[in-house]
Amino acid sequence: SIKKITFTVVQEGKMALIEAKDGAPLDSGHITAKTVECNKFQDAVEFLNNGGQKGPQRAYLTPGVYRINTALFTIFETDVVQIPRDKVGIVTVLDGTPLIKDEIAGKIISTHGNFQDADAFIQAGGNRGLQEQVVLAGTWFINPWFASVKLVDMTLTPVNTTRIIVSYVGAIGTDTSGESFKHGNIIKKGQKEVWKETLDPDKYTINTNTTPTTT
C-alpha cells in the first residue's frame, strides 16, 4: 500500500530532532544513538544497513526540506540555541562517560564544535554532567537530547574594583600565599582554589558554576 505524506520542512531558527522506531540497540551506558550515514535520514534502508540505532538520535536536521520516511523516523522540531552578546551558555551534557571522581565538571574536549557534534564529544571521551567549557554569543545547533544550555549574565567587574576568582576545577595547585597568610591557598590561574590573578574592570565570559568570583 502507498501513503502520501508531505516533505519535512525545517524552518529558519529551528532544528529537527529524530527518533528512530527501529534499529540496533543503543550502546551500553548511552541514551542517544550514534550517527550513521543515511543521507540525513532520507535513506531508511541505508540507516538500518549501516547499524543505525533505535531511539533518540545524536544527529539532527538543520533548516531545509527533506524526504523522510515517517514510518521509521519520528520528527520533533525545536528552537536552536540563541545566546545574546551579554550572556554566556553554561552546558550540562546528558550523555557520555561518568564524571571523574571528585570532579564537579567534565574534562575539556576541543573537537565538538561548541557541543554541536555529539558524536565527536562522546568519541573523545567527554563526560556527562556539568561542563567547564561555556558557549559564547551566537546561534548554535545543540541537540537538547544530548546537552542542555543555561543562559547566565557575563561577569562584570565594575570600575574601581577587582574580582577574586575561586576555581572548583583544574589541577591541584601549589600554595603561593606564604607563611603569613592563614585564610586558604592562593594558587596560579587555571588551578583549584583562589587564583593569585584577579580580574580588572571589564566583562568576562566566565562559567559561574565552576569558577565563581567575588568583588
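**Reading sheets, cores and charge pairs**

Mentor: Strand 2 and strand 3 (residues 55-61) run antiparallel to each other, paired over 4 bridges. Keep in mind as we go that this is a predicted model.

Trainee: What holds the strands of a sheet together in general?

Mentor: Strands of a sheet pair through backbone hydrogen bonds, and the pairing is either parallel or antiparallel. In the case you see here, Glu19 stands opposite Pro56 in strand 3.

Trainee: How many bridges join strand 2 and strand 5?

Mentor: Strand 2 pairs with strand 5 (residues 73-79) over 7 bridges, in the antiparallel sense. To find your way along that pairing, look for Ile18, which has Ile75 of strand 5 opposite.

Trainee: What is the order of the strands in the open sheet?

Mentor: The order is 3-2-5, an open sheet of 3 strands with antiparallel pairing. Strand 3 and strand 5 are its edge strands, each pairing on one side only. On average, neighbouring strands of this sheet are turned by 30 degrees against each other, with direction ignored.

Trainee: Is strand 2 largely enclosed or largely open to the outside?

Mentor: Count its buried residues, meaning those under 20% relative accessible area. In strand 2 (residues 14-20), 5 of the 7 residues are buried, so this strand is largely enclosed by the rest of the structure.

Trainee: Let us turn to the core. Which residues have the most contacts inside the largest nonpolar core?

Mentor: They are Phe41, Phe47, Leu61, Ile68 and Phe73, in a core of 15 residues. Strand 2, helix 1 (44-49) and strand 3 are the elements that give two or more residues to this core. Strand 2 gives the most, with 3 residues.

Trainee: And on the outside, which residues form a nonpolar patch on the surface?

Mentor: Phe7, Val9 and Val65 do, and together they have about 280 Å² of accessible area. Val9 belongs to strand 1 (residues 8-10). Its relative accessibility is 43%, so Val9 counts as partly exposed.

Trainee: Now for charges. What can side chains of opposite charge do?

Mentor: They can pair when their charged atoms come close. A search of the whole structure finds 3 salt bridges here.

Trainee: Which residue meets Lys14 in a salt bridge?

Mentor: Asp79 does, with 2.5 Å from N to O. Since Lys14 lies in strand 2 and Asp79 in strand 5, the pair ties together parts that are 65 residues apart in sequence. Lys14 is partly exposed at 27% relative accessibility, and Asp79 is partly exposed at 47%.

Trainee: Which residue forms a salt bridge with Arg58?

Mentor: Asp119 is the partner, and the closest N and O atoms are 3.1 Å apart. Arg58 is in strand 3 and Asp119 in helix 2 (residues 118-123), so to speak a link between distant parts of the chain, 61 residues apart. Both Arg58 and Asp119 are buried.

Trainee: Where do Lys87 and Asp153 lie?

Mentor: Lys87 lies in strand 7 (residues 87-93) and Asp153 in strand 10 (residues 147-153), so their pair ties together parts that are 66 residues apart in sequence. Their side chains meet in a salt bridge of 2.4 Å, N to O. Lys87 is partly exposed, with a relative accessible area of 24%, and Asp153 counts as partly exposed at 48%.

Notes: Residues are numbered from 1 along each chain as its sequence is written. This is a predicted model: local features need pLDDT of at least 70, side-chain atom pairs count only at pLDDT 80 or more; totals for chains, interfaces and linings use all residues. Side-chain values use heavy atoms; hydrogens and water are left out. Patches are made of residues with over 30% relative accessible area and no salt bridge: like charges are joined within 9 Å, nonpolar side chains (Val, Leu, Ile, Met, Phe, Trp, Tyr) within 5 Å. Accessible areas come from the Shrake-Rupley method with a 1.4 Å probe; for residues, only the protein chains shown count as cover. A salt bridge is a side-chain nitrogen of Lys or Arg within 4 Å of a carboxyl oxygen of Asp or Glu. Buried means under 20% relative accessible area, exposed over 50%, partly exposed in between (1.4 Å probe, protein chains only). Two strands pair if DSSP finds at least two bridges between them. Axes are lines fitted to C-alpha atoms, for helices over the stretch in contact, and angles run from 0 to 180 degrees between N-to-C directions. A nonpolar core is a set of buried Ala, Val, Leu, Ile, Met, Phe, Trp, Tyr and Cys residues joined through side-chain atoms within 4.5 Å.
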